[in-house]
Amino acid sequence: MAFAKSSLTLFSLALTASLAGTPGPAIGAPAAAHPPLDPTSKQSVQSAYRDWLVPALDRAVGWTGSVKGCVAGAPSAAAQAATFEAVNYHRAMAGLSPVAENPDTSRLAQQAALIMAAKGDLSHNPPASWPCYTRDGAVGAANSNLYFGQTAAAAVEGYVMDVGVGSLGHRRWVLHPGQTTMGSGSTAMSNALWVTDAAGSRGGRVPWPSAGFFPAELLPPGMEWSLMDYASGAPALDSFRTWRYERVGQPAVSVAKATKNGKAVAASSSDLGEDGVKWTLPSYTQPKRGAVDVYRIEFAATPPPAGFVDDGAAVRRCVEALTAGGTCHLPDDFANPAGAGHDFVRDSYITTQLPDGSETVANEYSLETAQKYLAEWEAYAAWIAPPEPLEVKVFVASSPIKAVKAVKAPKVSGKVKVGAVRRVTRGTWNPTDAKVAYQWLRDGKKIRGATKASYRLRKADGGRIVALRVTVKAPGRTPWTKIVGKAAIKR
């Protein structure tokens, strides 16, 4: 599969809300079932890459439409399913829940993909002069990631890599924690992936590449790493006004240090505003087949501006004092910082109305007010706190997977005449916890219900060839399967 997409047109999506009047979530086909993906297990990650993503990428689009005549058509059912397989594979790698298809938004996305294919270009706001323009297609384009040059599952892989797209907007939408449904439309050369059903929802931080074992095939040199923040900006601190730590347009964290296999490496980082932080490792190369390179990224909180006062510490003392039955007056910690206006909201402390209409401030908190302020501050402090270091173990997932090995192969014994019992030894296997399954065959076809290690030959077996198919499986291994004990049965 190709990593470089610099020759393709790929636009970033920077929407913050769905368009008015667009369809709400309508659940279509559920996500396909796959074994749980354990990022701490190399075998699990390798198997998921091989058995989940690769088959989806290999699926032909099978588009039934045509630019000539502006027939939107549709991708084949298999290709559409593969698109969502690719979405949910990447989300599983990131530790996120799967999405289901929204058939209503898929219809709009299909019209958008047709417009892009007909024009040979991309726009989230295509003008009515573009070939095959429709209002439905324009709505689809405004709410979708767009790709020209790759389609279906391959486009999803491109969205998440987002090579050459400074905002990483496509990746941000595909890996949005709030996503529950998406829509997709594909032609032979374009894709539109409706992603704005999650607009307005919040979440935590999502790194890419994700923590744990990670396929090198998804991490080409030059691709930007990221820690996306889905908190929708800093928690409100309405009670603190100008004395709070303003972070408008700033990320909560920055990259402090990067290492590869324990040795420091250079990291070139830049922020995504309140959406998070991104970085590249200029010295990064994909590991050799069979090797694992361990990258560790440490983060630091963005330093506060000069004159910042930690009001939270003072409010915490107030809560403690009031809870114990005491009183709390405006602490010295709240002394107005130089140059900052005295701009607390009125209910910050108890006030007394004077006859002339002016107010006098008693500078005394109530417990309810102090608790409110403390909750605000603690939420804010949690947001600006740096996350735990990110450790990514990069390896080539397409490496050949070891097969189950027969240390001692199973052997069938017993007479070969009707009424006799044929038995098979279990054999011994590497790995030792491999699971063995049996299926007895008559002339190469399954004998119904004959799935145990022994089989009593029946009248129907006389004059036929009876054999046993042994299948041995183990997690992360290629199964061992062989037909043994083949024999002609006497009547």
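1. F213 and F395 are both buried, where buried means under 20% relative accessible area, exposed over 50% and partly exposed in between, with a 1.4 Å probe and protein chains only. W225 and Y284 form an edge-to-face aromatic pair, 6.3 Å centre to centre with 80° between the planes. Rings of Phe, Tyr and Trp (its six-membered ring) pair if their centres lie within 6.5 Å; planes under 30 degrees apart count as stacked, over 60 as edge-to-face and the rest as tilted. W225 is in strand β8 (residues 225-229) and Y284 in the loop between β12 (276-280) and β13, 59 residues apart.

2. This is a predicted model: local features need pLDDT of at least 70, side-chain atom pairs count only at pLDDT 80 or more, and totals for chains, interfaces and linings use all residues. Residues are numbered from 1 along each chain as its sequence is written, and side-chain values use heavy atoms, with hydrogens and water left out.

3. W225 counts as buried because its relative accessibility is 1%; Y284, at 5%, is buried too.

4. F213 belongs to strand β7 and F395 to strand β16, 182 residues apart.

5. Those two strands belong to an open sheet of five strands, in the order β7-β16-β13-β9-β10 with mixed pairing. β7 (212-215) and β10 (263-264) each have a single partner strand, so one side of each has no neighbour in the sheet. Helices (H or I, at least four residues) and strands (E, at least two) are DSSP runs numbered from the N terminus, and two strands pair if DSSP finds at least two bridges between them.

6. Within this sheet, β13 (residues 292-301) and β16 (residues 390-395) are antiparallel over six bridges. D293 has V394 in β16 as its bridge partner.

7. Which residues have the most contacts inside the largest nonpolar core? They are Y89, L175, W225 and W279, in a core of 61 residues. α1 gives the largest share, seven residues. Such a core is a set of buried Ala, Val, Leu, Ile, Met, Phe, Trp, Tyr and Cys residues joined through side-chain atoms within 4.5 Å. A second, separate core has 20 residues, including W440 and W480.
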